[in-house]
Amino acid sequence: MTLTEKQQKKVEENMGLVHQVIHDKVHGYNQWGFHTYDDLFQIGCIGLCKAAATDKGGTFSTYAYRLIWHELCDAMIQSTKRYADEVAADVTPYISAGTEDEEALSGLRLVDIGMVTD
């Protein structure tokens, strides 16, 4: 994304807005997921640059605040989905017992395998 000098100046003047969004909206370390504060700040800066590039007038800080927050939400949702996919991939598939085990256990009684005590 290429910004004009005017847009770059707008981004530089509103860098504190990224800190404000993180402070206001992201509460507690647990909600950050896999991101550090620096990661969140960089993601927020991307949202700020998008806001500067697409600004059509009006109150810039209100518009930028929303875009920064949406960028942060998208990143946290994406990292949560990625983690869920990794956890699901780590699960060992269930392998059913073959007929050999069933035949070996067919002659046993519950007492023999320790399920019932006398």
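This is a predicted model: local features need pLDDT of at least 70, side-chain atom pairs count only at pLDDT 80 or more; totals for chains, interfaces and linings use all residues.
**Rings, charges and cysteines in a helical chain**

The count of aromatic pairs comes to zero, where rings of Phe, Tyr and Trp (its six-membered ring) pair if their centres lie within 6.5 Å, with planes under 30 degrees apart called stacked, over 60 edge-to-face and the rest tilted. Residues are numbered from 1 along each chain as its sequence is written, and side-chain values use heavy atoms, with hydrogens and water left out.

Rings do turn up with charges, though. The charged end of K10 sits over the ring of F60, 4.9 Å from the ring centre. K25 lies over the face of W69, with 5.6 Å to the ring centre. The rule here asks for NZ of Lys or CZ of Arg within 6 Å of the ring centre and within 35 degrees of the ring normal.

As for the overall layout, the chain has five helices and zero strands, and from the N terminus on it reads α-α-α-α-α. Both kinds of element are DSSP runs numbered from the N terminus: helices are H or I with at least four residues, strands are E with at least two. Of the 118 residues, 25% count as buried, meaning under 20% relative accessible area, against over 50% for exposed and in between for partly exposed (1.4 Å probe, protein chains only). Among contacts (heavy atoms within 4.5 Å) between residues at least 6 apart in sequence, 63% join residues at least 24 apart.

E71 belongs to helix α4, which covers residues 60-90. It counts as buried because its relative accessibility is 17%. Leaving aside residues up to four places away in sequence, E71 touches I43, I46, G47 and K50. With K50 there is also a side-chain polar contact of 3.1 Å; such a contact is a pair of N or O atoms within 3.5 Å, where within protein one must be able to donate a hydrogen and the other to accept it, and residues adjacent in sequence count only if both atoms are side-chain atoms.

C45 is buried at 15% relative accessible area, whereas C73 is partly exposed at 21%.
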